[in-house]
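Biologist: I am new to reading protein structures. Could we look at this one together, one question at a time?

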Amino acid sequence: MAVRVLVLASVLIFSCFAEIGHGAVSFSSLQRTLVVTASHRQGLLMSVEDKITVTWGLNQSFPAGTDTSYRTVKVQLCYAPISQVDRAWRKTEDHLSKDKTCQFKIVEKPYVNANETLEWTIERDTPTATYFVRAYALDENNHEVAYGQNTNAEKKTNLFDVQAITGRHVSLDIASICFSAFSIVSLMGFFYAEKRKGRKAEQ
Ligand SMILES: *[C@@H]1O[C@H](CO)[C@@H](O)[C@H](O)[C@H]1NC(C)=O
Ligand SMILES: *[C@@H]1O[C@H](CO)[C@@H](O)[C@H](O)[C@H]1NC(C)=O
């Protein structure tokens, strides 16, 4: 009995340390081994309407076996520095558990040693901002072990702007459609009532 309790306690303590260890994954410790590109039409991109074609794959100048611990790849849409100014809720932190740079998932799928491509339609809930694309390689414990991004280390090149189609516009559209429909129905009702009145008068 005492032995069992001791084993249980050790397992608990060990998993606590494992958690702390996870919290300590820092971006600066990751190797940039993935090559990521993002292509899209020129100019301001509209959420819901526009698409981004993302490609990712291992940079072939790293030695074979570099990716043996990679299990999953997670591709995200990330705020460029210009859209983080004065916004603590988008702040970049070196500790990845606290980092808020990349808040939008484009895709998460098993890692394969090949160039992969995905066409992604910008989702409705994407705020108006300037973005880049980053991919993380995750190991079997879902810990980040490498990354790649479509911009340089300073996050200044290949950025793109997204304009949100907000929920407010959508509900305004719905409201105006309902209002128009209501007007037409009222108008029809009015004419019908007038006609009946007219007929009654003739009789
Ligand atoms: C691949 O990695 C090498 C070495 O780190 C680097 O010099 C090169 O720019 C990388 N290639 C791409 C396309 O990112
Ligand atoms: C991925 O694409 C790059 C550049 O087009 C190429 O050099 C590399 O060999 C490709 N990698 C694989 C695994 O096909």
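Biologist: Let's start with one residue: where is the place of Asn-158?

Modeller: This is a predicted model, in which local features need pLDDT of at least 70, side-chain atom pairs count only at pLDDT 80 or more, and totals for chains, interfaces and linings use all residues. Residues are numbered from 1 along each chain as its sequence is written, chains are lettered from A and ligands numbered from 1 in the order in which they are written, and side-chain values use heavy atoms, with hydrogens and water left out. Helices (H or I, at least four residues) and strands (E, at least two) are DSSP runs, numbered from the N terminus. With those names in hand, Asn-158 sits in the loop between S9 and S10.

Biologist: Does Asn-158 count as buried or exposed?

Modeller: Its backbone first: phi of Asn-158 is positive, near 55 degrees, and the residue is not a glycine. Buried means under 20% relative accessible area, exposed over 50%, and partly exposed in between (1.4 Å probe, protein chains only). Asn-158 has 52% relative accessibility, so it counts as exposed.

Biologist: And at what relative accessibility does Lys-155 count as buried?

Modeller: Lys-155 is also found in the loop between S9 and S10. Its phi is positive too, about 60 degrees, although Lys-155 is not a glycine. Lys-155 counts as buried because its relative accessibility is 13%.

Biologist: Moving to the strands, how many residues of strand S8 are buried?

Modeller: In a regular strand the side chains alternate between the two faces of the sheet. In S8, Ala-129, Tyr-131, Val-133, Ala-135 and Ala-137 are buried on one side, and Thr-130, Phe-132, Arg-134, Tyr-136 and Leu-138 are buried on the other. Strand S8 (residues 129-138) is therefore largely enclosed by the rest of the structure, with the count of buried residues at 10 of the 10.

Biologist: Which residue in S8 is the bridge partner of Gln-76?

Modeller: Two strands pair if DSSP finds at least two bridges between them. Strand S5 (residues 72-79) and S8 run antiparallel and are joined by 8 bridges. In S8, the partner of Gln-76 is Arg-134.

Biologist: Which residue in S7 is opposite Ile-52?

Modeller: Strand S4 (residues 51-58) is joined to strand S2 (residues 34-39) by 6 bridges, and the two run antiparallel. In that pairing, Val-36 stands opposite Trp-56 in S4. S4 also pairs with strand S7 (residues 116-121) in the antiparallel sense over 6 bridges. There, the residue opposite Ile-52 is Trp-120.

Biologist: Now the rings: how many residues apart are Phe-27 and Tyr-136?

Modeller: Rings of Phe, Tyr and Trp (its six-membered ring) pair if their centres lie within 6.5 Å; planes under 30 degrees apart count as stacked, over 60 as edge-to-face and the rest as tilted. The structure holds 6 aromatic pairs. Among them, Phe-27 and Tyr-136 are edge-to-face, 6.5 Å centre to centre with 90 degrees between the planes. Phe-27 lies in the loop between helix H1 (2-23) and strand S1 (31-32) and Tyr-136 in strand S8, so the pair links distant parts of the chain, and the separation is 109 residues.

Biologist: Finally, how far is an oxygen atom of ligand 1 from a polar side-chain atom of Asn-59?

Modeller: A residue is near a molecule if one of its heavy atoms lies within 4 Å of it, and ligand 1 is surrounded by Val-35, Asn-59, Ser-61 and Phe-62. A polar contact with a ligand is a pair of N or O atoms within 3.5 Å. For Ser-61, a side-chain N or O atom is 3.1 Å from an oxygen atom of ligand 1. For Asn-59, the distance is 2.3 Å.

Biologist: Which residues are around ligand 2?

Modeller: An oxygen atom of ligand 2 is 2.3 Å from an N or O atom in the side chain of Asn-115. The residues around ligand 2 are Gln-60, Asn-113, Ala-114 and Asn-115.

Terms used. Polar contact = N/O pair within 3.5 Å; in protein donor to acceptor, adjacent residues only side chain to side chain.
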